[in-house]
Amino acid sequence: MKNINIFMLILLVSTIIAGCGNKVKSDINDYKAQMKDVQSEEQKLVSEIDRLGLDKADQLLGAEVTEEKKQQLKQIEMDIQEKIKPQLNKYEKKVKAVDPKTKEVKDVHEIYLRNLVKKQQFISELERYMKLFNQSIHSNEKILQYTKVFEKNKSLNENYVLKAEQNPKDSSELETLSKLINANSDVLKDKVAYLTTSAKVTEKQKYIDETLIPLLKSNVDKLNQTKLTSKNVIGMRKATIETYYSLINYYKERKVAMKTEGDLQALPIQDILENTKYIKTMDEKYYEALKALEAKQ
């Protein structure tokens, strides 16, 4: 009787183990069927990333920026927004719809889910970098435009000075305005030096807002309050005021450029580009784990 009980116990345990094994095996088959749609959407995502041509990105992200490069960089940013991100969303929905039943299959699927997070992060960082890089180009172009306006008004100013110097009636007003402009320039030159220090970007931005721009606006007010009658000296004042306004716009854009440059430096592009290759082999451990689980059944 005792031997019969032991036999029955062994038979019961064997039946339970076999039942568990069949359950896991069945779950693996169901899981692999669910993952076919996921892998199809993933392949579409990888194909869209390949079309960006990031293997040649080093050539695009160099110091010299041509019109052709600008168009290509802008196109990459647009493709990320209009093609890659929508495809990523489709892919994510398919992944989230997968529902393994057994702990063993869930553990394998967890590897895939962790890889999905890495893929999401890669695309997010790539999109952010391209936005910042294009913004940096745009910002630098605006700074260059303001510099040209500054130079143009400086040239106008010098022409009015020459004309005023040739007219004795203008000498008094010319001297008064010149002293004011020179005094303003000396103060501004002294204040601007802070931007070349090692202060934090946020501190420099605050300095532009709270010191430089108010100073330039104050300079405009001082010039407008100066009573003038000479046509040449009035022209000189107008050109100087326009110069101050171009400097205000210049420093506002400098503030944007500082932030953009700092953000770009915080995103190591070489690591991001390296992940372009890694994204294709990222799931190797996942497939190894799935294969190992199948082999146990």
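A residue counts as buried when its relative accessible area is under 20%, as exposed when over 50%, and as partly exposed in between (1.4 Å probe, protein chains only). By this criterion, 38% of the 297 residues of the protein chain are buried. The structure is a predicted model, in which local features need pLDDT of at least 70 and side-chain atom pairs count only at pLDDT 80 or more, while totals for chains, interfaces and linings use all residues. Residues are numbered from 1 along each chain as its sequence is written, and side-chain values use heavy atoms, with hydrogens and water left out.

The protein chain contains nine helices and zero strands. Helices are DSSP runs (H or I, at least four residues), strands likewise (E, at least two), numbered from the N terminus. The radius of gyration, taken over C-alpha atoms, is 34 Å, well over the 19 Å that the globule rule gives for 297 residues, so the chain is more spread out than a compact globule. That rule is 2.2 Å times the number of residues to the power 0.38. The C-alpha trace spans about 135 × 40 × 25 Å along its principal axes.

A nonpolar core is a set of buried Ala, Val, Leu, Ile, Met, Phe, Trp, Tyr and Cys residues joined through side-chain atoms within 4.5 Å. The largest has 42 residues; Tyr91, Leu126, Tyr129 and Tyr286 touch the most other members. Helices α1 (2-51), α3 (67-97), α4 (103-165), α8 (269-281) and α9 (284-296) each supply at least two residues of this core. The largest share, 13 residues, comes from α4. A second, separate core of 28 residues includes Val161, Val220, Leu223 and Tyr244.
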